Amino acid sequence: MDNIISSEKTCGNCRYYLQHFAKRNAKLIKTGCGICLHRKIKARTKSPFTLCAYWEENPTEKEERNRSIQYVLRTMCEQLSQIVLILQDDAKN
C-alpha cells in the first residue's frame with residue numbers, strides 16, 4: 001500500500017502531510033488519516049490517499065528514511081555483537 005502512495009501525488013507523500021499514529025501492543029501503527037499543514041487547506045484531516053492541488057514533493061523523505069535505516073542497522077549490529085559474545089562465553093563454559 002505504501003508503494004501506491006509513494007508513486008502518486010497524494011497527501012501521504014506530500015511535504016505538508018503529518019501522519020497520525022496510534023499505539024497498539026507496544027508499537028506505533030499508522031492510522032488511516034493525518035493532518036495537512038498547508039495554510040490554504042481548511043479541512044485539515046486528510047486520508048493519505050487524497051489527491052490535492054497543493055501537493056508538493058517532500059525533499060527530505062528519502063534522507064530521513066535512509067538515516068533511520070542506518071540507525072536501525074547500527075543498533076542491530078551492536079546487539080548482534082553482544083549476542084555473539086554471550087554465545088561464545090556460553091560455549092566455553
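Among contacts in the protein chain between residues at least 6 apart in sequence, 43% join residues at least 24 apart, where contact means heavy atoms within 4.5 Å. This is a predicted model, in which local features need pLDDT of at least 70 and side-chain atom pairs count only at pLDDT 80 or more, while totals for chains, interfaces and linings use all residues. Residues are numbered from 1 along each chain as its sequence is written, and side-chain values use heavy atoms, with hydrogens and water left out.

Let me turn to the overall fold. The protein chain has two helices and three strands; helices (H or I, at least four residues) and strands (E, at least two) are DSSP runs, numbered from the N terminus. Their order along the sequence is α-β-β-β-α. The radius of gyration is 20 Å, well over the 12 Å that the globule rule gives for 93 residues, so the protein chain is more spread out than a compact globule. That radius is taken over C-alpha atoms, and the rule is 2.2 Å times the number of residues to the power 0.38. The C-alpha trace spans about 65 × 30 × 20 Å along its principal axes. Of the 93 residues, 14% count as buried, that is, under 20% relative accessible area, with exposed over 50% and partly exposed in between (1.4 Å probe, protein chains only).

Next, the strands. Strand β1 (residues 17-24) and strand β2 (residues 27-36) run antiparallel and are joined by seven bridges; two strands pair if DSSP finds at least two bridges between them. They form a hairpin with two residues between them, and N25 in the turn has a positive phi of about 50°. R24 stands opposite K27 in β2.

Which residues meet in a salt bridge? The side chains of R15 and E56 do, at 3.6 Å, N to O. R15 lies in the loop between α1 (2-7) and β1, and E56 in the loop between β3 (45-46) and α2, so the pair ties together parts that are 41 residues apart in sequence. The criterion is a side-chain nitrogen of Lys or Arg within 4 Å of a carboxyl oxygen of Asp or Glu, and the count comes to one salt bridge. R15 is partly exposed, with a relative accessible area of 44%, and E56 is partly exposed at 30%.

I69 is partly exposed, with a relative accessible area of 42%.
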